[in-house]
Amino acid sequence: MLNSLGLNKTPQATSVCVAMSGGVDSSAAAAMLKKEGYNVFGVTMDLLKAPYAPEKSSIADAKTVAEQLQIPHDFIDLKEEFATEVVNYFTSSYLQGLTPSPCIMCNKHIKLGLLADYARAHGADIIVTGHYADIRLTKNGVELHRAEDPSRDQSYFLFGISKQNLQMLRCPLARYNKEQTRAIAKEAGLNIHQKADSQDICFVQNGKYAELINKLRPDFKAASGNIVDTSGKILGKHKGIINYTVGQRRGLGIGGDIGILYVLKIDAQHNQIIVGSKEELLQKKLHIKEINWLGEEQPQEMNLMVKLRSRQAAVPASVYFNKNNQAEILLHDDFYGIAPGQGCCFYQGSRVLGGGIIETF
């Protein structure tokens with residue numbers, strides 16, 4: 001008989017590695033499984049180092065939670081790996097005029113990459129995270145779906161994980177909202193049940209990513225350059241390309257009677273910001289690379305819903321798969337502000353079939 005995590009073992013015989021960040025979500029997940037009788041151990045990744053580590057780290061809270069739950073707990077030092085796979089990726093992308101999504105890379109390489117390797121090496125049957133995503137067991141194996149609460153859903157950030165690690169993943173918070181999760185933590189007697197949510201990008205303090213890039217890459221000079229329209233006419237000066245993203249309209253510093261303009265493209269090679277009207281921001285075609293396919297056999301073409309930014313709704317598209325893990329995508333309707341560097345996640349209904357990274361066009 002299958003247990004609640006889908007294994008043919010009793011809970012007591014099932015070794016569960018919980019990725020514990022010290023936050024409410026992962027702590028509640030650990031408490032739930034401990035209450036159900038699973039053989040739970042916690043692992044906390046130490047990821048942040050100067051100059052992007054906060055003055056007070058929250059990961060110490062994970063040790064306190066583990067003690068309160070009376071489960072074994074380890075810290076693993078992945079600061080160098082995180083710097084290489086996530087922070088360096090983030091800074092390099094901005095210097096190339098891209099708008100990266102570092103959480104996708106963190107889940108792929110760190111949280112559900114190196115941590116999954118660690119869990120296997122220490123005898124875990126399953127790895128559990130506090131992600132709001134739905135893992136479903138089917139005759140074809142494990143499937144990744146959206147969480148029940150769309151305002152908390154994090155499935156978009158998980159499309160890059162390997163099939164092997166997806167098979168091992170469980171996300172017990174899939175059908176809960178944040179208030180319910182806090183209630184679980186409170187019921188378990190965990191002091192962190194009222195702890196504030198973490199910020200979007202853990203290594204960028206107060207959202208000041210340009211300041212961080214300047215600290216990490218002192219060799220890079222955030223040189224001013226031209227802001228031009230699509231005909232090449234110079235309209236003003238920018239403050240360095242790292243301060244802009246596709247779709248941005250505020251902070252351009254272009255005066256006069258030009259009207260409202262948006263960033264259409266960031267040309268890092270020529271140190272230019274190209275702007276235009278809202279209508280010029282509309283696109284229907286894009287190219288993606290580094291596709292990770294989570295479905296069964298990958299087709300040559302397929303009609304899917306695609307999500308092009310984490311906070312925007314998925315839209316209908318025809319996807320034409322090429323060789324070398326690339327694809328051409330034709331959106332069925334115009335879309336505002338497609339940003340190279342962001343993730344493109346494939347949905348079929350609620351199921352995530354994979355995704356890739358939007359390339360410069």
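What is the volume of the second largest cavity? The model on screen is predicted, and the tour begins inside it.

**Stop 1: the second largest cavity**

Select I104, M105, K108, F159, G160, E290, N292 and I357, the residues that line the second largest cavity. The volume of this cavity is about 50 Å³. The structure holds 2 cavities of 30 Å³ or more.

Now colour by secondary structure. Helix α4, residues 102–121, and strand β12, residues 282–293, each supply at least two residues of this lining. The largest share comes from α4, with 3 residues.

**Stop 2**

The greatest contribution is from β5, with 4 residues. By class, the pocket lining comprises 9 nonpolar, 2 polar and 5 charged residues.

**Stop 3: S26 in helix α1**

Stay with α1 and select S26, which lies in this helix. Is S26 buried or exposed? Its relative accessible area is 4%, so S26 counts as buried, the cut-off for that class being under 20%.

Next, display the surroundings of S26. With neighbours within four places in sequence set aside, S26 is in contact with V18, A19, M20, S21 and G130.

**Stop 4: an open sheet of 4 strands**

Finally, show the open sheet whose 4 strands run in the order β9-β8-β11-β10, with mixed pairing. Its edge strands are β9, residues 234–238, and β10, residues 262–267, and each of them pairs on one side only. From one strand to the next, the twist averages 30 degrees.

Zoom in on β9 and on β8, residues 225–228. The two strands pair in the antiparallel sense over 4 bridges. To see one bridge pair, select N226 together with K237, its bridge partner in β9.

Notes: Residues are numbered from 1 along each chain as its sequence is written. This is a predicted model: local features need pLDDT of at least 70, side-chain atom pairs count only at pLDDT 80 or more; totals for chains, interfaces and linings use all residues. Side-chain values use heavy atoms; hydrogens and water are left out. Ala, Val, Leu, Ile, Met, Phe, Trp, Tyr, Cys and Pro count as nonpolar, Asp, Glu, Lys and Arg as charged, and the others, Gly among them, as polar. Two strands pair if DSSP finds at least two bridges between them. Axes are lines fitted to C-alpha atoms, for helices over the stretch in contact, and angles run from 0 to 180 degrees between N-to-C directions. Buried means under 20% relative accessible area, exposed over 50%, partly exposed in between (1.4 Å probe, protein chains only). Contact means heavy atoms within 4.5 Å. On a 1 Å grid over the protein atoms alone, a cavity is a set of points where a 1.4 Å probe fits but cannot get out, and a pocket is an open set with protein on both sides within 12 Å along at least five of seven lines; lining residues have an atom within 4 Å of a point. Grid points are joined across faces, edges and corners, and a volume is the space filled by probe spheres set on the points.
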